[in-house]
Amino acid sequence: MTRDFSPRMLDMIAGRFKLLAEPTRLHILNALRGAELTVTELVKQTGAGQANVSKHLNLLHRNGMVDRRKDGLHVYYRISDPGVFELCELMCSSLEADLEERRKALGVS
């Protein structure tokens with residue numbers, strides 16, 4: 001099924017791709033893929049600074065990609081839009097196919 005996208009929808013799609021174009025945000029999302037984590041845990045898993053992780057988490061939260069819940073002094077983050085991983089899987093498949101074509105063209109196995 002093919003659909004025509006309105007200019008507003010195209011702007012929204014571009015915004016989502018722009019959000020995912022930052023490697024640190026992808027590292028954060030990947031870390032949250034299997035677990036709910038605090039900022040401290042995300043800092044350890046991603047290697048990014050605390051202020052940087054917090055900034056990206058706020059942006060991801062404002063755009064509906066992660067949810068958060070407070071438990072005492074801790075704030076836990078989790079994925080709210082698992083569709084992001086479908087996009088990542090599509091991109092990985094495309095990258096793998098492209099790499100395979102390049103290898104064939106270069107005669108490399």
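The buried residues of helix α2 pack against α1 (7-20), α3 (39-46), α4 (50-62), β1 (66-71), β2 (74-79) and α5 (83-106), where packing rests on contact, meaning heavy atoms within 4.5 Å. Helix α2 itself covers residues 23-32, and its buried residues are Thr24, Arg25, Ile28, Leu29, Ala31 and Leu32. Seen down the axis of α2, these residues fall within an arc of 160°, so they line one face of the helix; the arc is that of the directions from the helix axis to the C-beta atoms. Buried here stands for under 20% relative accessible area, exposed for over 50% and partly exposed for anything in between, using a 1.4 Å probe and protein chains only.

All this comes from a predicted model, in which local features need pLDDT of at least 70 and side-chain atom pairs count only at pLDDT 80 or more, while totals for chains, interfaces and linings use all residues. Residues are numbered from 1 along each chain as its sequence is written, and side-chain values use heavy atoms, with hydrogens and water left out.

Zooming out, the chain has five helices and two strands, arranged along the sequence as α-α-α-α-β-β-α. The radius of gyration of the chain is 17 Å, well over the 13 Å that the globule rule gives for 109 residues, so the chain is more spread out than a compact globule. (That radius is taken over C-alpha atoms, and the rule is 2.2 Å times the number of residues to the power 0.38; helices, H or I with at least four residues, and strands, E with at least two, are DSSP runs numbered from the N terminus.) Along the principal axes, the C-alpha atoms fill a box of roughly 55 × 40 × 20 Å. Of the 109 residues, 23% count as buried. As for contacts with a separation of 6 or more, 48% come from residues 24 or more positions apart.

Thr38 sits in the loop between α2 and α3 and is buried, with a relative accessible area of 9%. Leaving aside residues up to four places away in sequence, Thr38 touches His74, Val75 and Tyr76. Met12, in helix α1, counts as partly exposed at 45% relative accessibility. Between Met12 and Pro23 there are 11 residues of sequence separation and 20 Å in space, C-alpha to C-alpha.
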